[in-house]
Amino acid sequence: MSTLPSAAPSVQLRVPTDEDALSWHRAFDDPEVMEFFGGTSEEISMYEEWTARQRRLDAELGYCLWTVLGEDGEVAGFTGAQPWPRTEYGPVGEIEIGWRLARSAWGRGYATTAARLTLERLRAAGVERVVATVDARNERSIAVARRLGMERAESFTTEREGQVVQCFRLALNA
């Protein structure tokens, strides 16, 4: 198990560009990265649509899933927030914070640092509370949620057979 570096790493967040669709696709084209998201990466067209949607969300709401740039300036993945996209299960009506990094970016403190920057931006945008939905087996992401001060609330089953997700909550106005 890796621990966070003693000093937080330097990361940057940016609104996803057209080019980030390919970068996200490459970063997530790894069975380990996608273990809790169905095991395989999506087609490039999904990432093209996804990054375009994030640009729209940022323009409309002031937040989105931002591209994370690591200390070397390379795309490390994403973190950010968006309205919970489903109506059939989960924290319907909530703002979900999330993160996903390339395998090469794991264990460097990027997820926690980038998620903390996200929380600052969400507070500035007037968001009052967030949720994080994490596969119950994903110990690394559960640890990030706890480092952010999030508290476990409820669990639910997703559309993926047998997948149980824990929902963590955090008030931002406290």
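The questions and answers below concern a predicted model.

Me: Which strand gives the most residues to the lining of the largest pocket?
Reply: The largest pocket holds about 770 Å³ of space. Helix H2 and strands S3, S4 and S5 each supply at least two residues of its lining. The strand that gives the most, with five residues, is S4.

Me: How many charged residues are in the lining of the largest pocket?
Reply: The lining has 31 residues, and Phe37, Arg86, Glu96, Arg100 and Thr133 lie nearest the centre of the pocket. By class, 16 lining residues are nonpolar and seven are polar. The number of charged residues in the lining is eight.

Me: How far apart are the end C-alpha atoms of H2, and what span should its 18 residues have?
Reply: Helix H2 runs over residues 44-61. At 1.5 Å a residue, its 18 residues should span 26 Å. The end C-alpha atoms agree with this span, being apart by 25 Å.

Me: What covers the buried residues of H2?
Reply: The buried residues of H2 are Tyr47, Trp50, Thr51, Ala52, Gln54 and Leu57. In an α-helix there are 3.6 residues a turn, so residues three or four places apart point the same way. The elements covering the buried residues of H2 include helix H1, strand S2, S3 and S4.

Me: Which residue follows H2 with a positive phi?
Reply: Helix H2 is the run 44-61. The residue after H2 has a positive phi, near 90°, and is Gly62.

Me: Is Thr67 buried or exposed?
Reply: Thr67 is found in strand S2. Leaving aside neighbours within four places in sequence, Thr67 has contacts that include Gln12, Leu13, Arg14, Val75 and Phe78. Its relative accessible area is 0%, and buried means under 20%. Thr67 is therefore buried.

Me: Which side chain makes a polar contact of 2.8 Å with that of Thr67?
Reply: The side chain of Thr67 makes a polar contact of 3.2 Å with the side chain of Trp24. The polar contact of 2.8 Å joins the side chain of Thr67 to that of Asp20.

Me: What is the C-alpha separation of Phe28 and Glu42?
Reply: Phe28 has its place in helix H1 and counts as buried at 0% relative accessibility. Contacts of Phe28 beyond four places in sequence include Tyr47, Phe78, Arg100 and Leu101. Phe28 and Glu42 are 14 residues apart along the chain, and their C-alpha atoms are separated by 8.4 Å.

Me: Is Pro31 buried or exposed?
Reply: Pro31 sits in the loop between H1 and H2. Its C-alpha is 9.6 Å from that of Arg103, a residue 72 places away in sequence. The relative accessibility of Pro31 is 61%, and the cut-off for this class is over 50%, so Pro31 counts as exposed.

Me: How far apart are the C-alpha atoms of Ile97 and Thr17?
Reply: Ile97 is found in strand S4 and is buried, with a relative accessible area of 1%. Not counting residues up to four places away in sequence, Ile97 touches residues including Ala115, Thr118 and Leu119. Ile97 and Thr17 are 80 residues apart along the chain, and the separation of their C-alpha atoms is 20 Å.

Me: Which side chain makes a polar contact with the side chain of Trp99?
Reply: Trp99 lies in strand S4 and is buried, with a relative accessible area of 11%. Its C-alpha is separated by 4.1 Å from that of Thr79, 20 residues apart along the chain. Beyond four places in sequence, the contacts of Trp99 include Ala111, Ala115 and Val144. The polar contact of its side chain, at 3.1 Å, is with the side chain of Ser141.

Me: Which residue takes a positive phi just after H3?
Reply: Helix H3 has 15 residues and reaches 21 Å from its first C-alpha to its last, close to the 21 Å expected. Its buried residues include Tyr110, Ala111, Ala115, Thr118 and Leu122. Just after H3, the residue with a positive phi of about 85° is Gly126.

Me: Is Gln166 buried or exposed?
Reply: Gln166 lies in strand S7. Among the contacts of Gln166 beyond four places in sequence are Thr133, Val134, Arg152 and Glu154. At 11% relative accessibility, Gln166 counts as buried.

Definitions and conventions
Residues numbered from 1 in each chain as written. Predicted model: local features only at pLDDT ≥ 70, side-chain atom pairs only at ≥ 80, totals over all residues. Heavy atoms only, no water. 1 Å grid on protein atoms, 1.4 Å probe; cavity = no way out; pocket = protein on both sides within 12 Å on 5 of 7 lines; lining within 4 Å. Points joined across faces, edges and corners; volume = space filled by probe spheres on them. Helix = DSSP H or I, 4+ residues; strand = E, 2+ residues; numbered from the N terminus. Nonpolar A, V, L, I, M, F, W, Y, C, P; charged D, E, K, R; others polar. Expected span 1.5 Å × (residues − 1). Buried < 20%, exposed > 50% of the residue type's maximum accessible area, 1.4 Å probe, protein only. Contact = heavy atoms within 4.5 Å. Polar contact = N/O pair within 3.5 Å; in protein donor to acceptor, adjacent residues only side chain to side chain.
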